[in-house]
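Let's walk through a structure together, one feature at a time. Have a look at it first, and then we'll talk.

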Amino acid sequence: MRHLRRQAEARDAADPLAPFRARFLRPDRDVVYLDGNSLGPPSGEVLDAVLATIRRDWRTRLVEAWSEWIDLPLRAGGLLAPLLGADPAEVALADQTTVNLYKLATAALEVTDGRDVVTDADNFPSDRYVLDAAARRAGGRLRIVPSDPSPDDVAAALDGEVGLVSLSWVSYRSGALADAAAITAAAHDVGALVLWDCSHAAGVVPVDLDGIGADLAVGCTYKYLNGGPGAPAFLYVRADLHERLVSPIPGWWGHASMFSFAPDYVPAPDIRRFLVGTPPILSLVAAIAGIELVAEAGIEAIRRKSMAMTGWFVELVETHLGDLGARVVGPRDPSRRGSHVAVAHPEAWQLTQALRDEGVIVDFRTPELVRFGFSPLVNSFADLARAIETTESILRDGRHRRHPRQPTTVT
Ligand SMILES: Cc1ncc(COP(=O)(O)O)c(C=O)c1O
């Protein structure tokens, strides 16, 4: 184990992003936090931005502060756009990822000939529910392809009846990275639009929406963008689709002239038409601070460290945990995955609880996955070494078996 720690120390010493770790607020107890893929921790910048907004704007300027707040959904989108390979005018922050999925899927199926929607077996539950509802609303049905589909798997499910393909850029379960360019091209060949869920990519994997000709995308800002619990999600609509697509939730924030208080809905000509109602300003301010920190570090540098982490961790799981019933799920090659490594184990729930008890915060996904998520701005290689040492020690002497076998509340 000393060897493992020495290796981690050498990697940390050579890590250009290491100074960013000190910019985040640490929990009081000594934990290794490997769940930034679920909820990123707060940076000092987020704390300062929220406090300043309360003290300076809300307290002092009260309702007059809306004259600046009103632009925040688009301003935040503009700041996020380069991380998604998008033009600033193509991205906005609004609502939740689930709501944005519904708005964009429903709007897309209004303009395509096909009515059916293609997604994969392991896509996030909200995505499956929403896509099913949108397909049925349009008079079509949901077609399910195998999880982590190759472009050929998707192509095999495509025909003229398909109006929309919607998949995750990075799978929330296996961490697999989709071949987004080839899948998008295959969907376009049959006249379908493509809606990408970039929740597990935004802020950690460079996304190239304009470059691959993507149509639509959504994603969370509370994971690798560290915007805080329930921070508003983002949505991307390619510029030439703005005027063709109309949101199924015609709110006043999407109106062409919201302060005319007109009796009839006229959608704004630009990305604003996909906004609905009053946004959560404190969370938007936090999300902006999170996005700015990622932009400062640089997405390419973040990706390099993320791949070094997942690549090393996969090796460590195989060498240290392979004879203890643990197995890496998804691609081995770090260039084919996002920033978490899912480890399958028959007692995954108990193992997750034991790890949390011993200060390694990971999460569980049914029925047998433990997810180890690596946030390159927050985590060190020493964190990974400690996670492996703790997991090996728990499994070797069976300490996880002290925990109930049946999952209770899952976070
Ligand atoms: C891939 C993916 N899509 C969608 C969602 C749902 O996001 P929200 O709860 O913000 O609607 C999540 C949440 O974790 C997710 O991981």
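A: Let's start with a pair of helices: α4 and α9 cross in a left-handed way. Left-handed is when the near helix is turned anticlockwise from the far one by less than a right angle, and clockwise would be right-handed. Helices here are DSSP runs (H or I, at least four residues) and strands are E runs of at least two, numbered from the N terminus. Keep in mind that this is a predicted model: local features need pLDDT of at least 70, side-chain atom pairs count only at pLDDT 80 or more, and totals for chains, interfaces and linings use all residues. Residues are numbered from 1 along each chain as its sequence is written.

Q: Which residues of α4 and α9 make the contact?

A: On α4 they are L72, P73, A76, L79 and L80, and on α9 they are I281, L284, A287, I288, I291, E292 and A295. Being in contact takes C-beta atoms, placed from the backbone, within 7 Å. By class, that makes eleven nonpolar, no polar and one charged. Nonpolar covers Ala, Val, Leu, Ile, Met, Phe, Trp, Tyr, Cys and Pro; charged covers Asp, Glu, Lys and Arg; the others, Gly among them, are polar.

Q: At what angle do α4 and α9 pack?

A: The general idea is that two packed helices are described by the angle between their axes and the distance between the axes. Here α4 (residues 72–80) and α9 (residues 281–297) pack at about 15 degrees, with axes 10 Å apart. Axes are lines fitted to C-alpha atoms, for helices over the stretch in contact, and angles run from 0 to 180 degrees between N-to-C directions. The two are therefore roughly parallel to each other (under 35 degrees; over 145 is roughly antiparallel, 65 to 115 roughly perpendicular, the rest oblique).

Q: What is phi of D95, and what is phi of F261?

A: Most residues other than glycine have a negative phi, and most peptide bonds are trans. D95 has a positive phi, near 55 degrees, and F261 has a positive one of about 50 degrees. D95 sits in the loop between β2 (91–93) and α5, while F261 lies in the loop between β8 and α9.

Q: Is D95 buried or exposed?

A: D95 is buried, with 25 other C-beta atoms within 10 Å, whereas F261 is exposed, with 8. Buried takes 20 or more other C-beta atoms within 10 Å, exposed 12 or fewer, and partly exposed is in between, with C-beta atoms placed from the backbone.

Q: Which peptide bond is cis?

A: The one from T366 to P367, with omega near -5 degrees.

Terms used
Two residues are in contact if their C-beta atoms, placed from the backbone, lie within 7 Å.
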